There are 2 protein chains.
Amino acid sequence: MEKNDSAVEVKNKQVIFRDYVADRPKESDFYITTSIIKLKVPEGSNAVLVKNLYLSCDPVMQFQMKPAYQRNLPGYNYYTPGLPINGFGVAKVVDSGNPNFSEGDLVWGTTGWEEYSLIQTPEKLFKIHHTDVPLSYYTGILGMAGITAYCGFYEVAGSPKNGETVFVSAASGGVGQLVGQYAKLSGCYVVGTAGTQEKVDLLKNKLGFDDAFNYKEEPDLDAALKRCFPDGIDIYFEHVGGKLLDAVLLNMKTFGRIFVCGMISQYHVAEPDVLKNLMQIAFKRLTIKGFTHRDHHHLYPKLVETVIPYIREKKIVCIEDTVEGLENGPAALVGLFSGRNLGKQVVKVAHE
Amino acid sequence: MEKNDSAVEVKNKQVIFRDYVADRPKESDFYITTSIIKLKVPEGSNAVLVKNLYLSCDPVMQFQMKPAYQRNLPGYNYYTPGLPINGFGVAKVVDSGNPNFSEGDLVWGTTGWEEYSLIQTPEKLFKIHHTDVPLSYYTGILGMAGITAYCGFYEVAGSPKNGETVFVSAASGGVGQLVGQYAKLSGCYVVGTAGTQEKVDLLKNKLGFDDAFNYKEEPDLDAALKRCFPDGIDIYFEHVGGKLLDAVLLNMKTFGRIFVCGMISQYHVAEPDVLKNLMQIAFKRLTIKGFTHRDHHHLYPKLVETVIPYIREKKIVCIEDTVEGLENGPAALVGLFSGRNLGKQVVKVAHE
């Protein structure tokens, strides 16, 4: 007790959740406050105390803001009004009550949107062993988005083969940009779609996609897909939903496969798009499979082993959209839902 | 030539396709005519000439009526205005130019909606070896609907296990009634839905379902499913689509599986139902798989071996809705799309 009482106390800037959000989150659904935190874990505790360095903005976070009557997301924690929100981030251990972590360790995992966090379940943190790559990558290619993309492509989709045609939506986003590049590395023909010309240029010129189009500007999505895939689509990585999915269903090959880790266009619309082509599932004997990173954390060592060399050898490009400062976090987070970000959205909280 | 010239000529009543059907088929989209047919296959031909006994009414037939601009069904033949429609049926060989078939053989497969048909591709016909069961069953449990149900349940769905919870829509129909009974034989908890009280009674009292409800009378489909499946649905056999599918998505268990061989509620509506819960595919890591009997014909011998004993031992009940006379065929066929039929819809054309 005495030890704790004598610990250094510092100011701790925090992003506080104002109240439950039924519709699309706005910046005003959060506010910034500053509390005081002791830089020591409580005596006898298993917790670790970390200094947060980078925070990840992820689409799923909007579901954690929902009021009780809208909670359809199994297994996630919901945010509590008056407390800081949380999400994936990269942090440095300041003090540890857990034998597996020591002061100075770099970790990534679920942390608070604040300068310092006391993490009560450190067993869920991943230790960072490779620091010759940007630390922010542990919010992206080497973090949760990375597990989603890596396991989605290599495990859930069973490593699509040379010559297969792959379509990726939200293709410049945190997951899409990786899936597209893994598909190119596997010899697939890869087309991406995104919601601005700037993103489309990125796909074609920086990320190596074979083709790309702006789904918001195409008057006829079916025609756009037929132009890019005259022989049809083998594999679709779905992050958007709605009208785009409907057009994709018409353009899948027989026995085509659709892998779904999100449908961001449909999360906050009062009336979701009407889908007219769902019966193509039967006609074309399609397989549609939902997946999440959460079922694949055990594959993380394999991911690191595969992907670190890709990064070192510059076989993979990581496009990040980084804002500086925790106080700019809410704007960055809500920007995700209007597609404002160009690449993986990251909030830099502090220098290491 | 002389042989043919001397062949018996008979009247051949036919159901003729009047014109392409963009919307829901009506009785007036067909007319009855009588032509003359020689009861001999052309000299040197590989064809067989059959007398049709039973014709099967199947949902897929409506897609074969579509005008060119609506044709999204890969691999099927479309009907030609002025010619008889075709579909699955049971027939007796009258004359054969094919060494595998002889006069008197009973067969099932694609045939014309007429009293006699000249079948140019007899290699696609299945020979009927077991005649101690009703011949009409070869339009149902031992025919195409039977392959759909058997292969859907045992192959595509991988033989659902004892204790798994199974939901079946269009559950009293040709495929649904079989899937539900296979599920019961495997020890599953099985709930069906149908569109009239009479059908619901059939499910509960004749077909052995654990529970059943009328989806047209339930004010809240989500509540109905929660009542029947308090712990969620493992496996859904989808034949209906629309609002029912939307409610099912909310009630699937994590890693639940949906097998789709039709979405009959959505085929002819001007605006399909809006689905609000498609993102559950990702949240719950659902697998949705389309299938059709056409990929599984090679398993037919296995089906016969399994199912004939079920029929003989009365482990399976087959509910048929039979109309007598080819001239009543069009009404029976279009009745399928308003759910008029009680059980598998069959048209009896002739006695053996």
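# Close-up views of a predicted two-chain model

Figure 1. Between chain B and chain A, nine residue pairs are in polar contact, both residues of each pair being at pLDDT 80 or more. The model shown is predicted. In one salt bridge, the side chain of A:D295 meets that of B:R285, with N and O 2.7 Å apart.

**Figure 2. The contact between the chains, by residues and by area.** Chain B puts 36 residues into the contact, and chain A puts in 36 residues. Chain B and chain A bury about 3,000 Å² between them. Carbon and sulfur atoms give 66% of that area.

Figure 3. Two copies of a chain are related by a rotation about an axis and a shift along it. Here, chain B is laid on chain A by a turn of 180° and a shift of 0.0 Å along the axis, with an RMSD of 0.0 Å. That is the relation of a two-fold axis. Which surfaces do the copies use to meet? Of the interface residues of chain B, 100% are also interface residues in chain A, so the copies meet through the same surface.

**Figure 4. Two domains meet within chain A.** Chain A is divided into domain 1 (2-140 + 318-348) and domain 2 (145-294). The C-alpha centres of domain 1 and domain 2 of chain A lie 30 Å apart. In chain A, 25 residues of domain 1 are in contact with 18 residues of domain 2. The area buried between domain 1 and domain 2 of chain A is about 1,600 Å². Carbon and sulfur atoms give 61% of it. A:Y76, A:I319 and A:L342 supply 30% of the area that domain 1 of chain A buries against domain 2 of chain A, more than any other three residues. How many salt bridges are counted between domain 1 and domain 2 of chain A? The count is zero. Four residue pairs are in polar contact across the interface of domain 1 and domain 2 of chain A, both residues at pLDDT 80 or more.

**Figure 5. B:K40 and B:D95 form a salt bridge.** Over all chains, the count comes to 35 salt bridges. One of them pairs B:K40 with B:D95, whose closest N and O atoms are 3.9 Å apart. B:K40 lies in the loop between β2 (30-38) and β3 (48-56) of chain B, and B:D95 lies in strand β4 (residues 86-96) of chain B, so the pair ties together parts that are 55 residues apart in sequence. B:D95 counts as buried, at 12%.

**Figure 6. B:E164 and B:R257 link a loop to a strand.** Their side chains meet in a salt bridge, 3.1 Å from N to O. B:E164 lies in the loop between α2 (144-156) and β8 (165-168) of chain B. B:R257 lies in strand β12 (residues 252-260) of chain B. The pair therefore ties together parts that are 93 residues apart in sequence. B:E164 counts as buried, at 17% relative accessibility. B:R257 is partly exposed, with a relative accessible area of 22%.

**Figure 7. B:K226 and B:D222 pair within one helix.** The closest N and O atoms of this salt bridge are 2.6 Å apart. B:K226 and B:D222 both lie in helix α5 (residues 221-228) of chain B. They are four residues apart, about one turn of the helix. B:K226 is partly exposed, at 42% relative accessible area. B:D222 is also partly exposed, at 22%.

**Figure 8. A:T165 and its surroundings.** A:T165 lies in strand β8 (residues 165-168) of chain A. A:T165 counts as buried, at 11% relative accessibility. A polar atom of the A:T165 side chain lies 2.8 Å from the backbone nitrogen of A:D234. Beyond its neighbours within four places in sequence, A:T165 is in contact with several residues, among them A:Y189, A:F229, A:D234 and A:K253.

Definitions and conventions: Residues are numbered from 1 along each chain as its sequence is written. Chains are lettered from A and ligands numbered from 1 in the order in which they are written. This is a predicted model: local features need pLDDT of at least 70, side-chain atom pairs count only at pLDDT 80 or more; totals for chains, interfaces and linings use all residues. Side-chain values use heavy atoms; hydrogens and water are left out. A salt bridge is a side-chain nitrogen of Lys or Arg within 4 Å of a carboxyl oxygen of Asp or Glu. Helices (H or I, at least four residues) and strands (E, at least two) are DSSP runs, numbered from the N terminus. Buried means under 20% relative accessible area, exposed over 50%, partly exposed in between (1.4 Å probe, protein chains only). A polar contact is a pair of N or O atoms within 3.5 Å; within protein, one must be able to donate a hydrogen and the other to accept it, and residues adjacent in sequence count only if both atoms are side-chain atoms. Contact means heavy atoms within 4.5 Å. Copies are superposed by least squares on the C-alpha atoms of residues with pLDDT of at least 70 in both. Domain bounds come from an automatic or database domain assignment. Buried area is the accessible area (1.4 Å probe) that two parts lose on being put together, summed over both.
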